[in-house]
Structures are given as structure tokens and as C-alpha cells.
Amino acid sequence: MIKQILNKLPRKSSSKSVHNDERSNELDSAVVNSTGVSDKVSKLSLTVKSKSNIDSVPASYEALPSFRVVSSSEKHNLFIKKLNMCCVVFDFNEPEKNVKEKDVKKQTLLELVDYVSSVNSKFNEVTIQEITKMVAANLFRALPNLNHENKVVDLYDQEDDEFFMDPSWPHLQIVYEFLLRFVASPETNAKLAKRYVDHSFVLRLLDLFDSEDQREREYLKTILHRIYGKFMVHRPFIRKAVNNIFYHFMFETEKHNGIAQLLEVLGSIVNGFALPLKDEHKLFLAHVLIPLHKPKCLSMYHQQLVYCVCQFVEKDAKLADTVVRGLLKYWPATSSSKEVMFLGELEEILEVTQAAEFEKFMAPLFSRIGQCINSSHFQVAERALFLWNNEHIRNLTTQNRKVILPIIFSPLEKNTHAHWNQAVQSLTLNVRKIFSDADQSTFQDCLVRYQEDETKEKENIAKRQSTWNRLDAMAAAKTKPMVISTSATITTTVATSTTAETTSTVKQSTGGR
């Protein structure tokens, strides 16, 4: 009886284990079938998911032979072995742990970089699969969350802040270099590699742009640009995925570390757009690039954003109206530092704007510039007046002086007589002289009109003050003798009644004659 029970125990345990394995396999196959992903790609994703077991280091983690000491026929197998060996991920938050194994892996990664750079035969499908598996195991990870929520974003200065240094960067850098050389290698067949460098791979690569480590973002920028150039089939998807990152940043979080690098990549992409521009690209300008001027942390990526916008205006002059009106829509009326940036961007846009397009938006534009000229913040006023130092802008304004001068004449005159900053007054006189020399008659007409307006304004002020003085006097007259006024009313009433009685008495005595 006991033997029968003992004989049954291992069989039950084994069958249960097999049943669980079968169930797990069924679940895995169901996930693969539902997403339409191939078996090889599913293996890659499962490998990435299993990366959480960082400490699962093999007992015998020893260095493999160098490529130099093996024959050419054995190099490929050795390359695969080294790739599998580098799929092991170590915990760099504990520097004293696995020191020897980390050194072995670093040396192996360096050998892999050299091999990819010097290989003279096409990578086959198995090799590409192993390469993407190793890259995914090392790079695709949960990024450390450094809480910057309490920082004031518009005052956040990257130059003064200490850069975050990822402790695992000594290995990550080599993996990024390996991936860059693999993508750029002429031995990488794009048609074959696109099965593994797929949409899922690109999305996870884009997620890493939010890394706190600037060195990582710079590598990602270069790699993404290479992928965009090599894998033409992925181009629309990459543009759409980057747009989604921008939308999430603008309308939800306003927090992302890699906006500048993504815009840098897009700048080179926009530079390569064919003419005439597609409607998709024009919508990208109107719905993404222009609204990107709104977030408070604009200074972190403004230079790259300006480059992208100017590329559009250079390619299609008609887009200047869309861009300028978009800037006026998002004009930062309460942020002087952003106003200075906007004025700088306007100068670059106007520099590539044609005269015919300039006439479409010059009235609303110079209404805003007039307000900036008259700003009490000297940097805003100074930057607005610096626009006339640009020869192209100076020519545009003098050619359209009959429209522009009446708009900005009043701010110029007010600055000349009343602005507190001496440098602003000096620049104002220079701009005033430019228009005076260009068209003396129009200048005099504007001066006469300004003086008339000033006289009317003084009269209105005097009239308004007189009205207020009269109202004050009336109020004082009503509130001051409040009690006296009541007694006076009573006295008047008594007097009136007495007079009426006297009159009736006289009529009675005279017989009503």
C-alpha cells in the first residue's frame, strides 16, 4: 500500500508540472496569435520581459576566446556565443557585486563592436535575431525616475543643474555603439532586418528618449536618424510615433527629457522633404511644431524648434503666414524671457520671408511688436528694436512704411520721451531716424496725428478728471449735511403749511372776494 502511494507521488507532481507548462505555452501562443507577431519576434519580446532577473548570472561566466585566435569558419558561431553571453544583465547599483563578470562582459562587448565594424559578409537572419535580442536585453529597461516635479520648469537651467549619470553607462555606451554600427553597416540587409527592427523595437527605442542621461539621448538621436534613413518602410510610423510623444508632452505632462533630441532628428527629416510639401507635413507644422511654443520649458528645446520651423518656411514661402499667426496666437504676454525668445525666432523667420507673404501678416505682427517696443522690461524692448538691425527686415518695413509706421509710431514716441532705460531710448531714436529718412512726409503726417491724439487724450483726461471732481463735490454735498438737510425739509414743510393757513384765513375775512 505504501509503495503504491510512493509510486504515485512523483507521477502526480510530474503530470502537474507538464500540465502547467502546457498551459503556459498555450497562453504564450495565444498572445502571439492575437498580436500577429512571428515566433521569432515573440522570442525576442519574451527575452526582454525576462530581463527583470538581473542577478541570474550563470555559474561559469568566463571569457570566450578572442576572434583573432579562431579560424574564419568558427568566427560566426563564436559571435553568436558572445551575443548570448552579453544578454546577461548586471546590477550596477551595487558596484562591488560581480566585478569580474562585469569586466568580462565589457571586454566581450568591445570585441563584438570590432567584429561588426570589420565583418565583410552579410548578416543572416539568425544573426540579426541574436543581435536584436542582445540589444533589447541590455537597453530596453525601466528608466530611473528622478522626481523633478517640484522644480519650477520655466526657471530650470540645464547648465547649472548636475547631469544625471547612469551607473550602468560603461556597458550601455558599448551596446549603443554596437547597435549604431550594426544599423549603419553595409552588411545589414534592411529587408531582412526589418522583421526584427520592427515597430515594437522602434517604439521601445523611442521610450528611451526620456532618459535623464544626456549621453544616452545623444546616442539615441544618432541611431534613430540612421534607422529612419535605412528602413524606408518604417518612416511614416516613426513620424507618427514621434508626433504622439509630442502630443503627450504638450497636452498632458509637459515633462519629457528628449524633446530637443527628437526635434533635432526631425530637423534633418524636414530638410529632406520633397517639394511640393504633402498635406501631412503641413499639418505636422500647424498641429505639432507651432503648439510646441506653448509649454513653459520652451527654452530647453527652442533652438531645435526654430530650425524645424524655418526649414518649412524656406521650403514653402506661403507657410510664413501660418507660422507668424501661430506665434501671435501663443505669444507669452506674461513671460518676458519667452517674449525675448519669440522675438529672436521672428527675426529668423522674417529673414527667409518674401515680400508678398510679409504683407499678409504685417499689420497684426507689428501691433504686437509695437507693444514689445513699449514694454517696461528693457530686454523685451531692446530685442524688439534690434529687429531693425537686420537689413532684410529693415527693407521690408521701409517698403511697407505707410502701413507699419502708423502702427508703431506711438510706441516709438513714448519710448523717446518716457522710457526709463537709456539704451532703449537710444535704439528707439535710431529706428525713428530710419523711418524719418525713408519718408519724411509720412513721418510728419504720423507726428501730426500723434500730437493730435495726444491733445485729445489730454482733453479727455482733463474732462474725465473734471467729471470726477464734480461727482466728488456732489457726494460731499449730499453726505455732509445729512441731518441739516432733514431739518431743513421739516422747516420748509412747516412754513408751507403756515402760509396755506394764513391764505385761507384772509379769504374767509374778505368774504371770498
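The legends below describe close-up views of a predicted model. Local features require pLDDT of at least 70 and side-chain atom pairs pLDDT 80 or more, while totals for chains, interfaces and linings use all residues. Residues are numbered from 1 along each chain as its sequence is written, and side-chain values use heavy atoms, with hydrogens and water left out.

**View 1. Salt bridge between Lys-82 and Glu-111.** The N to O distance of this pair is 2.6 Å; a salt bridge is a side-chain nitrogen of Lys or Arg within 4 Å of a carboxyl oxygen of Asp or Glu. Lys-82 belongs to helix H3 (residues 72-85) and Glu-111 to helix H4 (residues 99-118), so the contact ties together parts that are 29 residues apart in sequence. Helices (H or I, at least four residues) are DSSP runs numbered from the N terminus, as are strands (E, at least two). Lys-82 is buried at 0% relative accessibility, and Glu-111 is buried at 17%. Buried means under 20% relative accessible area, exposed over 50%, and partly exposed in between (1.4 Å probe, protein chains only). In the whole structure, 19 salt bridges are found.

**View 2. Salt bridge between Arg-181 and Glu-177.** The closest N and O atoms are 2.9 Å apart. Both residues lie in helix H6 (residues 169-184), four residues apart, about one turn of the helix. Arg-181 is partly exposed, with a relative accessible area of 33%.

**View 3. Salt bridge between Asp-439 and Arg-401.** The N to O distance is 3.0 Å. The pair links distant parts of the chain, 38 residues apart: Asp-439 sits in the loop between helix H20 (422-438) and helix H21 (440-479), and Arg-401 in helix H19 (residues 401-418). Asp-439 is buried at a relative accessible area of 10%, whereas Arg-401 is partly exposed at 24%.

**View 4. Glu-212, a buried residue with no salt bridge.** Glu-212 is placed in the loop between helix H8 (199-207) and helix H9 (214-230). The nearest side chain of opposite charge is Arg-217, 5.7 Å away; Lys and Arg count as positive and Asp and Glu as negative, with His and the chain ends not counted. The side chain of Glu-212 makes a polar contact with that of Asn-257 (3.5 Å). A polar contact is a pair of N or O atoms within 3.5 Å; within protein, one must be able to donate a hydrogen and the other to accept it, and residues adjacent in sequence count only if both atoms are side-chain atoms.

**View 5. The largest cavity.** Its space is about 90 Å³, a volume being the space filled by probe spheres set on grid points joined across faces, edges and corners. A cavity is a set of points on a 1 Å grid over the protein atoms alone where a 1.4 Å probe fits but cannot get out; lining residues have an atom within 4 Å of a point. The lining includes Arg-239, Leu-266, Phe-273, Glu-280 and His-281. Helix H10 (235-253), helix H11 (259-271) and helix H12 (279-289) each supply at least two lining residues.

**View 6. Backbone at Pro-276 and Asn-98.** A cis peptide bond joins Leu-275 and Pro-276, with omega about -5°. Pro-276 is in the loop between H11 and H12. Asn-98, in the loop between H3 and H4, has a positive phi near 55°.

Conventions:
On a 1 Å grid over the protein atoms alone, a cavity is a set of points where a 1.4 Å probe fits but cannot get out, and a pocket is an open set with protein on both sides within 12 Å along at least five of seven lines; lining residues have an atom within 4 Å of a point.
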